[in-house]
Amino acid sequence: MNLTASLSLIAPELVLSASSLILLLMAAWMGDRHTQTISWLAALALAAATILAVPALSGGASGLSSEAFGGQFRADAYAAFAKILIYIAAIASILVAPAFFERLRAMRAEYPVLIVLATIGMSIMVSANDLMTLYIGLELNSLASYVLAAFLRNETRSAEAGLKYFVLGALASGILLFGMSLLYGFTGTTNFAGIESALGGGAQTGALFGLIFVLAGLAFKISAVPFHMWTPDVYEGAPTPVTLFFASAPKVAAVTLTARVALEAFGGQVEAWRQIVVFAALASIVVGALGAIGQTNLKRLLAYSSINNVGFLLIGLAAASLAGVAAMLAYLVVYVAMTLGSFVALLLLQDRTGEPLETLGDIAGLSSRSPGVAWSLLVLMFSLAGIPPLMGFWAKFVVFRAAVEADLLLLAVIGIAASVIGAFYYIKVVKVMFFDEPADREVAAAGGVNWAILIAAVLFISPLGYLLTGWLGTLANTAASALFIAA
């Protein structure tokens, strides 16, 4: 494939790369006074990238026609599906930030630029068809994310979150690199198809260790147990718009990348990695559910909720089938909607002085002080718990159905039983909002952009969302099919 064709396949990445450089220059020359303008331009660039990614998804791009730069980059329907979700989450993260940072007088023009740079890294991650491309995308995302976590330089919690994320992220990158070096040493290639071909006749012990280390490095990025320890601290310490970003876009990128590596690079060794994924899935569901029970900080509670949801996503991957991957992608869409809605609701919770309401005690009796936010959170919590007829129930249903069809009945049964534990703390939030005595702190009025995102998320996960399940299922199947079509 010639250079022109390759460049046409990376159009979304080119738009974002050019935009990030232009916006960085604008931030340097125009200063923080024009942060609002830079934020809207960053959101427009992400919207343009979203539009450019749509044709690959709607056209079901796959195989050799979707490969660029000698097979190192794959702009197929699967990658396009993930990119669209990532771009939408990034746009939301940019739009909700000004109201939060202006209260602290900490809004800087670099924020939207860092979001765009992190998004470019994630975009490369989901299109990676080679271990080298994978690592470049992952590190570009990570470097921007470390700065975002510590964005509030004068706040101890934010600085601590950034340092913890950096140290543990560096450790995970080292583990990943070691696994990649082992795979290269035992297969003689870094290309996913080449690795699968080399492992097709049976993997040597060294190659299996490489597989384990690569999956361990990726497990850190999706905050799967036992590599989840950073998540609650970083989610609590990072600014809430950044936490919203971390809980949505990077999660999509890391989960879809893990599935691509498992099914394309290690597709001939399903039984070798399935047991690892099954353990991580069940451990994440149980630890996420039990860890959240004793939490009083809402951001930490949602951090454990994200760990819990990763477990359900990994059940779809464990199925190692077209139906399993499609279910995983459908679950990701619903998860992103629930996550955006939950964190935007937290952003709306602040008192008259602008201080955030971040604990369960702060939202006691919220239904009488801010009924709109309270009822929105009720829908979101019930959906996260998987209570019908909300979309969270449908997402869990399709994942468990895929597991049963893949003869993983025991995994599905244990997953269903463990999901009941998680329902406890979601319902506890509802109980505090509607049945506890109201707290003394008043809730202040909030901006229109936040409300627009919250209403859109709530409507999507409400029973009205079932009108989209047929369309969403078709798109998920189209995207998943790209992983199972031989080049």
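**View 1. Trp 273 and the residues around it.** Leaving out residues up to four places away in sequence, Trp 273 touches Leu 211, Leu 215, Ala 262, Leu 263, Phe 266, Leu 317 and Ala 320; contact here means heavy atoms within 4.5 Å. A note before we go on: this is a predicted model, in which local features need pLDDT of at least 70 and side-chain atom pairs count only at pLDDT 80 or more, while totals for chains, interfaces and linings use all residues. Residues are numbered from 1 along each chain as its sequence is written, and side-chain values use heavy atoms, with hydrogens and water left out.

View 2. Buried stands for under 20% relative accessible area, exposed for over 50%, and partly exposed for values in between, using a 1.4 Å probe and protein chains only.

**View 3. Helix α10 (residues 205-221) against helix α13 (residues 270-293).** The two axes come within 11 Å and cross at roughly 35°, in a right-handed crossing. From α10, the contact is made by Leu 208, Leu 211, Ile 212 and Leu 215, and from α13 by Ala 272, Trp 273 and Ile 276. Helices (H or I, at least four residues) and strands (E, at least two) are DSSP runs, numbered from the N terminus. Axes are lines fitted to C-alpha atoms, for helices over the stretch in contact, and angles run from 0 to 180 degrees between N-to-C directions. A crossing is right-handed if the near helix is turned clockwise from the far one by less than a right angle, and left-handed if anticlockwise.

**View 4. Helix α12 (residues 240-265) alongside helix α14 (residues 298-318).** Here the axes come within 11 Å and cross at roughly 15°. The pair is therefore roughly parallel, a label for angles under 35 degrees, with over 145 counted as roughly antiparallel, 65 to 115 as roughly perpendicular and the rest as oblique. α12 passes α14 in a right-handed crossing. Residues making the contact include Val 255, Thr 258, Ala 259, Ala 262 and Leu 263 of α12, and Ser 306, Val 310, Leu 313 and Leu 317 of α14.

**View 5. Leu 313 in helix α14.** At 1% relative accessibility, Leu 313 is buried. Apart from residues up to four places away in sequence, Leu 313 touches Val 255, Met 328, Tyr 331 and Leu 332. Leu 313 and Ala 281 are 32 residues apart in sequence, yet 7.7 Å apart in space, C-alpha to C-alpha.

**View 6. Ser 123 and its polar partner Glu 13.** Ser 123 sits in helix α6 (residues 110-127) and, at 1% relative accessibility, counts as buried. The side chains of Ser 123 and Glu 13 make a polar contact at 2.4 Å; such a contact is a pair of N or O atoms within 3.5 Å where, within protein, one must be able to donate a hydrogen and the other to accept it, and residues adjacent in sequence count only if both atoms are side-chain atoms. Setting aside neighbours within four places in sequence, Ser 123 is in contact with Glu 13, Lys 83 and Tyr 87.

**View 7. Asn 129 in the loop between α6 and α7 (131-149).** With 2% relative accessibility, Asn 129 counts as buried. Beyond residues up to four places away in sequence, the contacts of Asn 129 include Glu 67, Gln 72, Phe 73, Arg 74, Asn 191 and Glu 264.

**View 8. Backbone details in the loops.** Most residues other than glycine have a negative phi, and most peptide bonds are trans. Phe 69 is not a glycine but has a positive phi of about 55°; Phe 69 lies in the loop between β1 (67-68) and β2 (73-74) and is partly exposed, at 35% relative accessible area. Ala 320, also not a glycine, has a positive phi of about 50°. Ala 320 belongs to the loop between α14 and α15 and is buried, at 18%. A cis peptide bond joins Val 225 and Pro 226, with omega about 10°, and Pro 226 is in the loop between α10 and α11 (231-237). A cis bond also joins Pro 388 and Pro 389, with omega about 5°; Pro 389 is found in the loop between α17 (371-384) and α18 (391-405).
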